[in-house]
Amino acid sequence: MIEFEKALEIVLNQAVTAVEEMAGLESAVGRVLSRDVFSDIDMPPFNKSAVDGFACRLEEIRPGAELRIIETIPAGSVPLLTVRAGECSRIMTGSMMPPGSDTVIMVEDTEMPSSETIRLLQQTSSGNICYRAENIRSGEKVLDKGTYIQPAHIAVLASVGMTSVPVSVQPHIGIISTGNELVEPGRKPDGSKIRNSNAWQLYAQTRLIPALCSYFGIAGDSIVELKDKLSTALSGSDVVILTGGVSMGTYDYVPDTISEMGADILFKSVAIQPGRPTVFARLKDKFIFGLPGNPVSSFVLFEVMVKPFILTTMGCKPDPLTLTLPMGIDYSRKKTSRKTVVPVRIMKGAVYPVEYHGSAHINAYITANGMMIMDPGQTEIKKGEPADVRPL
């Protein structure tokens with residue numbers, strides 16, 4: 001059994017960044033930039049009004065001053081006239097500032113004695129102008145290679161004219177469940193059977209990254225059947241995730257089977273709870289994760305180990321957000337030999353463990369919105385003491 005940090009280091013050191021492809025703006029969210037992105041224009045591209053109001057000369061701003069309106073400038077229009085002494089132009093938010101003006105008076109700071117005149121109601125020193133290139137200059141880098149593209153990044157890409165976005169190719173993930181006891185969700189289990197939830201959970205976690213994903217079904221507790229399923233999955237996948245069959249039981253065939261197929265097992269036991277019997281192997285340019293059959297174990301190990309690996313192959317350096325927040329109640333545990341992941345709920349800036357019955361209790365993660373990390377040897381966290389939490 002190796003420490004979790006060492007296992008994660010081994011996993012990430014094996015990851016190789018995928019090749020590049022182009023994605024349209026409409027499909028780039030959730031992808032990873034494969035190149036730096038630079039702006040082709042200044043932003044804003046011209047001096048523009050930050051408010052609806054009247055563009056005029058700052059030197060003429062004083063309570064009671066009257067100015068004649070010489071034109072109206074809608075957004076998207078180029079001003080036609082130069083503002084001179086005693087004049088102003090009605091201007092809309094985002095409109096180009098007219099020549100001769102250097103400030104904008106908000107509508108609410110004026111009154112209109114006539115349809116062609118405004119009177120200033122109060123002194124103001126705010127220019128209400130967004131100046132050319134105050135946000136970004138032409139040629140300036142706006143996004144780094146390796147950026148995990150979110151909606152705000154899409155806005156930036158659009159603003160610099162990037163309609164075709166260079167991204168890393170999504171890896172293809174194959175998923176297999178193992179165990180004679182499993183039936184698919186559409187069948188009502190009888191006798192000692194249970195429904196297969198792990199595969200669909202892992203499928204959903206993979207798609208949320210997002211990576212490409214295929215489900216290859218259930219492999220019974222047979223070396224021949226497992227080899228057949230695994231061979232098929234490996235032929236069409238970059239990474240295969242198996243769930244179940246990785247522990248020390250009589251019918252836990254996954255480690256021996258992948259060894260017989262020529263894979264190099266890099267580890268098969270990790271000091272983490274839940275999830276100790278976790279296998280990671282390489283077969284030429286393919287990778288295999290063998291996760292425990294308990295649903296919480298497979299859920300947690302995907303989040304803390306498999307997901308960072310997949311993101312790394314997409315060119316993104318994993319940097320999961322970890323918050324340090326006060327415990328809302330006293331919490332203690334008896335077994336402390338391994339790093340432990342506890343389902344918690346973050347409420348009003350504090351951490352509260354949810355009801356949790358162990359690694360088969362996936363329902364706990366319906367109410368949880370975070371995972372609390374406890375280090376080996378740590379027996380308790382008192383109310384008010386800091387806890388490390390990774391939001392879900």
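The structure is a predicted model, in which local features need pLDDT of at least 70 and side-chain atom pairs count only at pLDDT 80 or more, while totals for chains, interfaces and linings use all residues. Residues are numbered from 1 along each chain as its sequence is written, and side-chain values use heavy atoms, with hydrogens and water left out.

Helices (H or I, at least four residues) and strands (E, at least two) are DSSP runs numbered from the N terminus. Two packed helices are described by the angle between their axes and the distance between the axes. Here the axes are lines fitted to C-alpha atoms, for helices over the stretch in contact, and angles run from 0 to 180 degrees between N-to-C directions. Helix α6 spans residues 295-313, and its axis lies 10 Å from that of α3, at a packing angle of about 20 degrees. The two helices α3 and α6 are therefore roughly parallel (angles under 35 degrees; over 145 is roughly antiparallel, 65 to 115 roughly perpendicular, and the rest oblique). Their crossing is right-handed, a term used if the near helix is turned clockwise from the far one by less than a right angle, with anticlockwise giving left-handed. On the α3 side, N198, Q201, L202, Q205 and T206 meet P295, S298, F299, F302 and E303 of α6, where contact means heavy atoms within 4.5 Å.

Helix α6 also packs with helix α1 (residues 4-14): the axes come within 9 Å and cross at roughly 25 degrees. This angle makes α1 roughly parallel to α6, and the crossing of α1 and α6 is right-handed. From α1, the residues F4, A7, L8, V11, L12 and Q14 take part in the contact, and from α6 the partners are V304, M305, P308, F309 and T312.

Aromatic rings come next. Rings of Phe, Tyr and Trp (its six-membered ring) pair if their centres lie within 6.5 Å; planes under 30 degrees apart count as stacked, over 60 as edge-to-face and the rest as tilted. By this rule there are nine aromatic pairs. One of them joins W200 and Y203, whose ring centres are 6.0 Å apart and whose planes stand at 50 degrees, so the pair is tilted. Both residues belong to helix α3 (residues 198-207), where W200 and Y203 are three residues apart, about one turn of the helix. W200 is partly exposed at 37% relative accessibility, and Y203 is likewise partly exposed at 27%; partly exposed is the range between buried (under 20% relative accessible area) and exposed (over 50%), using a 1.4 Å probe and protein chains only.

A second tilted pair is formed by F280 and F289, with ring centres 4.8 Å apart and planes at 35 degrees. F280 is buried, at 0% relative accessible area, and F289 is buried with a value of 0%. F280 and F289 belong to one aromatic cluster together with F267, F287 and F309.

Two threonines show how side chains can reach the backbone. T278 sits in the loop between β20 (270-273) and β21 (279-283) and is buried, with a relative accessible area of 0%. Its side chain reaches the backbone oxygen of G275 at 2.6 Å. Leaving aside neighbours within four places in sequence, T278 is in contact with F267, K268, S269, V270, G290, L291, P292, L301 and M305. T257 lies in helix α5 (residues 254-260), is buried at 0%, and has a side chain that reaches the backbone oxygen of Y253 at 2.7 Å. Beyond residues up to four places away in sequence, T257 touches I223, L226 and K227.

Some backbone features complete the picture. A cis peptide bond joins I209 and P210, with omega about 0 degrees, and P210 is found in the loop between α3 and β17 (212-219). Another cis peptide bond joins Q273 and P274, with omega about -5 degrees; P274 lies in the loop between β20 and β21. N128 is not a glycine, yet has a positive phi of about 55 degrees. This residue, N128, is in the loop between β10 (117-120) and β11 (129-130) and is buried at 16%. K284, also not a glycine, has a positive phi of about 60 degrees. The loop between β21 and β22 (286-291) holds K284, which counts as exposed at 73% relative accessibility.

Methods:
A polar contact is a pair of N or O atoms within 3.5 Å; within protein, one must be able to donate a hydrogen and the other to accept it, and residues adjacent in sequence count only if both atoms are side-chain atoms.
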